[in-house]
Amino acid sequence: MTVSDQTAFSLRRASGAALLGPGDLPPAAHFIDGAFGEDPAGGVADVVDPCSEQAFAKVAVGSAEDVDAAVAAAVAAKAAWRDVLPKERSAILHRIADRVAEHYDLLVRLESADTGKPFAVSRDDVDSTIDCFRFMAGALRATTTMAAGDYAQDHLSVILREPLGVVGVVTPWNYPLLMAAWKIAPILAAGNTLVIKPAEQTSLTTLKFAELTADLLPAGVLNVVTGKGSVVGARLAEHPDVDMIALTGSVGSGRIVARAAAETLKRVHLELGGKAPVVIFDDADLDAAAESLRTASFWNSGQECGAACRVLVHESVAQAFTDRLVAQVRGLAVGEPLAGDDIEIGPLFSREHYDRVLGYLARAADDGARVAVGGSALPGPGYFVAPTVLTDVPEGAECAREEIFGPVVTVETFAGDDEAIRRANDVPVGLAASVWTENARRSHWAAARIDAGTVWVNSHLIIANEAPWGGFKGSGYGRDLSIYALDDYSRTKHVMHNHTR
């Protein structure tokens with residue numbers, strides 16, 4: 001594999017200023033029953049800055065006993081929270097949104113320190129968190145269901161929608177605050193209590209959220225236990241008093257959680273990985289597609305389950321498109337958050353993930369892929385990988401089938417429309433995809449045949465709180481965002497009244 005374009009990127013370092021100040025960090029403890037505990041029995045673990053590879057904070061290492069205590073608090077709080085009127089729950093969610101907005105700058109800096117995200121990504125995360133709570137605050141007051149009526153002679157059917165009870169939540173490391181909001185907001189809106197386990201490497205903003213909103217929610221409604229998935233997440237999934245387990249994570253994690261949940265027959269909500277195909281037909285606006293993928297492929301350093309990471313382009317325009325995409329990628333600014341507001345690409349979040357992504361790049365050579373730009377790590381401390389475009393990728397190559405979850409885009413070619421759809425669907429996941437064409441009939445035809453939960457036409461990675469997010473196949477089941485999330489976190493009850501006279 002040729003790596004001649006590594007030097008296209010100049011890694012920009014910060015001047016030495018600190019992202020965080022005294023008092024910015026949350027306590028290194030679990031948040032249970034409305035308060036942070038004292039010295040955690042399981043000890044603490046370091047939080048590592050992915051830009052410098054230096055530890056800068058600590059979080060508690062949770063145990064099964066910590067989970068049991070948090071679940072007990074959620075169980076004790078669920079009856080009172082369930083009975084809070086919708087308009088009152090709505091007001092609380094609006095106050096949560098206000099509180100997040102009041103601490104906007106702190107949460108942006110904390111998220112960037114914890115993950116290495118450029119400020120543009122962290123700001124978008126906090127903006128979207130605020131909007132998520134505001135949407136759910138409104139949606140919970142306007143839920144719909146089947147109309148009450150007589151569907152059997154002299155019997156009135158009434159459909160009630162009830163909370164599930166206690167929901168266990170496991171969130172990923174790529175969007176710590178935002179993915180917490182995607183779960184917390186609809187779970188609370190539907191009248192449930194919860195215990196959330198953030199990723200052990202990136203727990204700071206979830207803990208800070210709990211600290212900032214502690215006075216807005218009754219004790220026990222929201223609980224946070226930090227620690228490893230194999231301990232904390234496993235106990236949540238198997239706990240007999242947890243009514244649902246909701247996970248955003250990898251396909252492998254989803255399988256583990258679903259197996260554990262099966263023992264108690266609890267409901268499972270899974271939002272798992274993706275390998276989003278980008279189908280570019282011969283009549284597409286190539287400039288618009290390349291410009292869109294500059295963001296959609298490399299947002300959050302490609303650590304995004306809906307990223308436009310797998311391009312399928314018609315052979316007649318493949319070179320023209322690739323040239324445009326490479327030109328866009330060469331212009332990406334790579335660096336630390338404090339290096340400037342124009343930084344677009346930060347580091348990968350951990351040493352383990354950094355090594356994993358580099359392993360994919362090394363193996364891509366064995367499949368015959370060619371590096372058009374990028375292709376390797378960037379020098380110096382930190383987990384920085386150059387934004388990469390791989391071309392001449394053969395059908396079935398590992399790099400085009402498995403979720404790399406880094407700043408890597410593969411480019412394949414196709415000859416006909418049917419082939420494009422077949423190959424777009426020829427992966428085990430189906431979270432998102434996009435179709436690029438100026439032909440309206442073709443766009444409808446293609447979108448209907450792509451096996452993904454979200455299909456964009458002439459755009460990619462545009463998300464709205466009003467629209468559902470979730471996938472098919474190995475991408476899991478369950479829907480985040482929109483009124484469909486409220487449906488997921490509630491249950492229906494049929495009450496039938498005999499009114500014979």
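**The largest cavity and its surroundings**

A: Happy to! The lining of the largest cavity is made up of 6 nonpolar, 4 polar and 3 charged residues. Here Ala, Val, Leu, Ile, Met, Phe, Trp, Tyr, Cys and Pro count as nonpolar, Asp, Glu, Lys and Arg as charged, and the others, Gly among them, as polar. Of the 13 lining residues, Gly302, Glu304, Ala307, Cys309 and Phe405 lie nearest the centre. A cavity is a set of points on a 1 Å grid over the protein atoms alone where a 1.4 Å probe fits but cannot get out, and lining residues have an atom within 4 Å of a point.

Before going further, please keep in mind that this is a predicted model: local features need pLDDT of at least 70, side-chain atom pairs count only at pLDDT 80 or more, and totals for chains, interfaces and linings use all residues. Residues are numbered from 1 along each chain as its sequence is written, and side-chain values use heavy atoms, with hydrogens and water left out.

The volume of this largest cavity is about 80 Å³, and the protein has 6 cavities of 30 Å³ or more. Grid points are joined across faces, edges and corners, and a volume is the space filled by probe spheres set on the points.

Cys309 leads us to the cysteines. The closest cysteine sulfur to that of Cys399 is in Cys309, but at 10 Å it is too far for a bond. The structure has 0 disulfides, a disulfide being a pair of cysteine sulfur atoms within 2.5 Å. Cys399 is buried, at a relative accessible area of 1%, and Cys51 is buried with 4%. Buried means under 20% relative accessible area, exposed over 50%, and partly exposed in between (1.4 Å probe, protein chains only).

Now for the wider setting. Of the 501 residues, 56% are buried. The radius of gyration, taken over C-alpha atoms with a globule rule of 2.2 Å times the number of residues to the power 0.38, is 23 Å, in agreement with the value near 23 Å for a compact globule. Along the principal axes, the C-alpha atoms fill a box of roughly 80 × 60 × 40 Å. The fold has 15 helices and 21 strands; helices (H or I, at least four residues) and strands (E, at least two) are DSSP runs, numbered from the N terminus.

Two helices are worth a visit. In helix H6 (residues 204–212), 8 of the 9 residues are buried, including Leu204, Lys208 and Phe209. Helix H14 (residues 440–449) holds Arg442, which is buried at 16%. Leaving aside residues up to four places away in sequence, Arg442 touches Phe281, Asp282, Asp283, Asp417 and Thr437, a contact being heavy atoms within 4.5 Å.

Finally, two leucines have positive phi values. Leu265 has a phi near 55° and sits in the loop between helix H8 (251–262) and strand S11 (267–271), where it is exposed at 77%. Leu461 has a phi of about 65° and belongs to the loop between strand S19 (454–457) and strand S20 (472–473), but Leu461 is buried, with 16%.

How values were computed. 1 Å grid on protein atoms, 1.4 Å probe; cavity = no way out; pocket = protein on both sides within 12 Å on 5 of 7 lines; lining within 4 Å.
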